[in-house]
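Let us walk through how two chains meet, and then look at one residue.

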Amino acid sequence: MTSPATPLNSVPSPQPARSPWLCDAFVALFLVALFLPAYFFAGDRYWLPLFTRYMALAIFALSVDLIWGYTGLLSLGQGLYFGLGVYAVGYSLKLQQAWHAAGRTTPYVPGPDMPLPDFMAYCRLPHVPAWIQPLIDVRLALFLAVFLPTVAATLFGLVTFRLRIKGVFFSLVTQALLLAVFTLVDNNQPITGGRVGMTYLNKLELFGAKFQMLSMYYLVTGTLVVAFLGCALLTRSKFGRILTAIRDNENRVLALGYNTAMYKTFIFAVAGGLAGLAGALYVAAMGTAGPDRLDIAFSIEVVILVAVGGRGTLLGAILGAVLVNLANTLTSDAYPQYWPILLGALFIGVVLFLPEGIVGGVLKLAARVRRWRETVPEPVPVAAKEPALPPLDLPAPAVAPEPKGV
Amino acid sequence: MNATDWGAALSNSLSLGSILILTALGLAITFGVMRVINMAHGEMLMLGAYAAYVVTDPAYLGLNLYWAIPISFLVVGFFGYLLEVCLIRFLYGRPLDTLLATWGVGLIVQQVVLLQFGTDLKPMHLPEVLQGHLTFGEVAIPTYRLFIVAITGLCLLLVYLWFYRTSFGLKIRAVVQNRAMASALGISTRRVDSLTFAFATGLAGVAGCVLGHLYTVKVDMGASYIVEAFMVVILGGMGQLTGTVAGGTLIGAGNSVVEKVLGNTQMAKVIVLGLVIAAIMIRPSGLFASKERTYD
């Protein structure tokens, strides 16, 4: 049984744009536009939190795009790292809420006599477990929300990538791991809150400022923009070039002498930390932390956000996250029972008809238009009239332009 | 634990193992042999269970289990045929894309069934012959669990004969080994692909029918088995019937024994999943790896 040596991710990378600065300007405009909902829905208690949620999911989509779109590693268990962030900050805000509910005043002092959060009290836990107590300090929780997933992803990456587990095996193993963690969290109600999780969380207070509504939106979107810029730096560097090379033909990169396992581990760790950050912001924005974020379906749905927007383009990840979730909200408001069908059709449709996603499709179209313009000769009368004028178009570069992710 | 406990654990491992094998058998063909990731396999299982419900429920056809098994096979097999012809065949060689597309199919199937039949659990009725217990010394095993073992054995035998004793099986193996060569020799690879896929999906239908009679029929019943079924195939080794049987037995037995020791089904699942993941890490090619060298 010899399977043909087809690359796992046989969708070609998007064509490099002709004029990078135009693309960059467009991207900058797009990033600024991300703040528009803050203007249009400033006081809207329905839409503003929703957009905050979309932006947090967009950070998560960036994380998936780094490993899937750029490196070709489809993790179906990325929710695990997101979930670590969710629970780290969830515990913190829940402990704080219990603290205030017990009528105590700040500063928070971790200790065995801390007031019990409601879900622990229901299960008759004698006191808050010692390892949860320090989390009441949200700065520590935020640090752990990024640090723990990074460490977990590094360890997981080191083992799997050095054993050269890849392709669908990697996807299925990550999924099985996520299922194991989900079951674990789901079944330890005294500690995790079980199926319901933690509700009525405190508002995020950081360095004396309370984040809610508009300030929360700015915090999440600001983080998204910073994360985008960081990812752009990373993917445009030589390092990023090697990642795409691994995606397109790992054996060749290996043959060139690169230790691909370490490259993959590094990007997996970065993506894990980013997912944790997304989870932390998500839970702070939503006010609840539950095991539904550890659900297998959630992790796969994030992949489709990236696929719709355009895998291998950072812009696509954000665009997909916002568009698909917006579609979800609009459809679910009117016809909740048809959203799963629409989502399923989206999965199928994107894979069959638009494998490069929206951004990739647009880039491809632009490349086609450019080729068409290059093959069609300039109208003769113009050239005959004013032969001295140079053509408006820049001449085609002798060397193929550098591939550049958007 | 006394003898009765061990007896119960044994009977549980037997039936859970057979269910896993039966669920994974279809996957062993689509995933292990054809290298197609069918994430909708769980939903095919669920379709099989609903087909069985429609066949056996007095409000619809009112027939019994013996009719339900072949009908589930045919109905779900036909669905699998349609799935292959309309979707999967465009995605050969793009396993990760297949994964996403079939997940979408699963979502649609689940929701359509939900809209059609509602969220309530559908009770199933066994024929009287299968309702009692058979006692072996101190150990009483439900007859239906033994019936499941028998059905699994029968399916395994059928798959074995089909693969290794028929000319169509020969064609399948030829196509899998070298598609271009098989095609050049006049084998219709399109037909082989779609029929193999349909057959494998039909097996999921049988699994769903059997499983529905063991527990209840509900919309998300397949989702809880799909991850474990994939683990069975990987743990056993791709493209190996022996491997699938061994993987299913191991995971089934592991689950029931750990469950008996801990007294907690869900924690048993966590521990066994952890062990399986560790095993796959240590031996990525599975317990019964086929001895071959492949590029990538």
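Predicted model: local features only at pLDDT ≥ 70, side-chain atom pairs only at ≥ 80, totals over all residues.

Residues are numbered from 1 along each chain as its sequence is written, chains are lettered from A and ligands numbered from 1 in the order in which they are written, and side-chain values use heavy atoms, without hydrogens and water.

Start with the interface. On chain A, 53 residues are in contact with 47 residues of chain B (contact: heavy atoms within 4.5 Å). Together the two chains bury about 4,500 Å², and 77% of that lies on carbon and sulfur atoms. Buried area is the accessible area (1.4 Å probe) that two parts lose on being put together, summed over both.

The rule finds one salt bridge across the interface of chain A and chain B. Arg311(A) and Asp97(B) form a salt bridge through their side chains, at 3.1 Å from N to O (a side-chain nitrogen of Lys or Arg within 4 Å of a carboxyl oxygen of Asp or Glu).

Now turn to chain B itself. Val112(B) sits in helix α4 of chain B, residues 95-117 (helices are DSSP runs of H or I, at least four residues, numbered from the N terminus). Why does Val112(B) count as partly exposed? Because its relative accessibility is 43%, and partly exposed lies between buried, under 20%, and exposed, over 50% (1.4 Å probe, protein chains only). Val112(B) and Val219(B) are 107 residues apart along the chain, with their C-alpha atoms separated by 9.7 Å.

Key: Helix = DSSP H or I, 4+ residues; strand = E, 2+ residues; numbered from the N terminus.
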